[in-house]
Amino acid sequence: MRIMISAGGTGGGVYPALAVAGAIRNLYPQAKLYFVGARGDMARGLVEQSDVQFDGYHEVLAGPVAGIPLLGKIASALKIVVGVVQSLILALRLRPEVLFLTGGWVGVPMALACWMLRRPIVIYVPDIEPGLMLKVIGRRLARVIAATTDATVAYYPGKRVEVTGYPLRREILEASREAGIAALKLDPQRRTLLAFGGSRGSRSINTTMSAIAPTLLEDNVQIVHISGRLDWPQVQQAHAALAPEQRQHYQVYDFLPDIGQAFAAADLVISRAGASALAEFPQLGLPAILVPYPYAWRYQKVNADYLVERGAAVRLDDERLGEELLPLVRELLADEARLAGMRQASSALRLPDGAGNIARLLARTAGHGTE
């Protein structure tokens, strides 16, 4: 079996691709597995750091065509034309039996090339609402769409959509509350609040957390704050200004490699509403305050509302953080019955084998299993 995986742009596309690649390696160890990224994209670094063994890493030219000036669109269009030629040559040489896409503009030349060569295409939509590239490819070129939730079906009328769940990383699947408390040296008698905003971080979440932390610490709450790299110096400075007895219950990190332990140990999380929130929080039954990123079309708002409507989260818009986050956190942490209900609602959405489900779907699409 020969599978080609293409992803890029952000970790939101690359991490699910790597999780699926890992599942393919476990389920089909003899499979040939190739990764295709865009030239100069961040995907190369993530692939090289992963523990998944690929049979080749390749790059083609690609570029965005939405949300950029006219000259940028022209330059991207030229890159895509060249990228299609490169992708055709690559696909003819490697002879993939199926192409798997998760996001990033590199998917455009790869999808066009494989469509011209009549190779089946499977896309995975991490968010509930697909981005422009996945929407177009899914409607026009893909044979099957894999989705995190059934809410994505509405965006692909007349197409085959399979709800697989999100491809979770191993550290999320294997995390436990007891191990998380021990690993982070937390006090099991205190409520634990986790705040984070992704690998780069969220300035509004970081600023607000630094401001309200002293009050929460006085309430006997312990805090794990993952700032991302963008605001790390400012978060460190605010942490250093606290009294020593407060600092011991307020842990700050720019990056936490095993974030699954923090998820498992927390009683409540404050975060953006990226696609991973649809699966990582339900996997661990974690109640959430979701703050959708206000400058990313409406994808995060749709994700947040999906969890809110099912009782697993509360949505707080970015512009209201400064005024409303502190009272909301205090209200939730003081109401054990409400938190228990949110935990139960979150756990009910759990689909733990997303990576395996997609791996098996790819095998069937490639003709190595029962459809």
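## Helices on the sheet

Let's start with helix α9 (residues 232–240), which lies across β9 (221–226) and β10 and runs at about 160° to β10. Another helix, α15 (residues 336–347), packs on the sheet as well, where it touches β8, β11, β12 (288–290) and β13. The direction of α15 makes about 100° with that of β13. Please keep in mind that this is a predicted model.

## The sheet itself

The sheet is open and is built from 6 strands with parallel pairing, in the order β10-β9-β8-β11-β12-β13. Its edges are β10 and β13 (313–315); each has a single partner strand, so one side of each has no neighbour in the sheet. On average, neighbouring strands are turned by 15° against each other, direction ignored.

Further in, you will find β8 (residues 191–196) paired with β11 (residues 268–271) in the parallel sense, over 3 bridges.

## A closer look at Gln 251

Gln 251 counts as buried because its relative accessibility is 14%, below the 20% cut-off.

The side chain of Gln 251 has two polar partners to look up. A polar atom of this side chain lies 2.6 Å from the backbone oxygen of Leu 184, and a polar contact of 2.3 Å links it to the side chain of Tyr 253. Setting aside neighbours within four places in sequence, Gln 251 is in contact with Leu 184, Lys 185, Leu 186, Ile 223, Val 224 and His 225.

Key. Residues numbered from 1 in each chain as written. Predicted model: local features only at pLDDT ≥ 70, side-chain atom pairs only at ≥ 80, totals over all residues. Heavy atoms only, no water. Buried < 20%, exposed > 50% of the residue type's maximum accessible area, 1.4 Å probe, protein only. Polar contact = N/O pair within 3.5 Å; in protein donor to acceptor, adjacent residues only side chain to side chain. Contact = heavy atoms within 4.5 Å. Pairing = 2+ DSSP bridges. Helix = DSSP H or I, 4+ residues; strand = E, 2+ residues; numbered from the N terminus. Axes fitted to C-alpha atoms, helices over the stretch in contact; angles between N-to-C directions.
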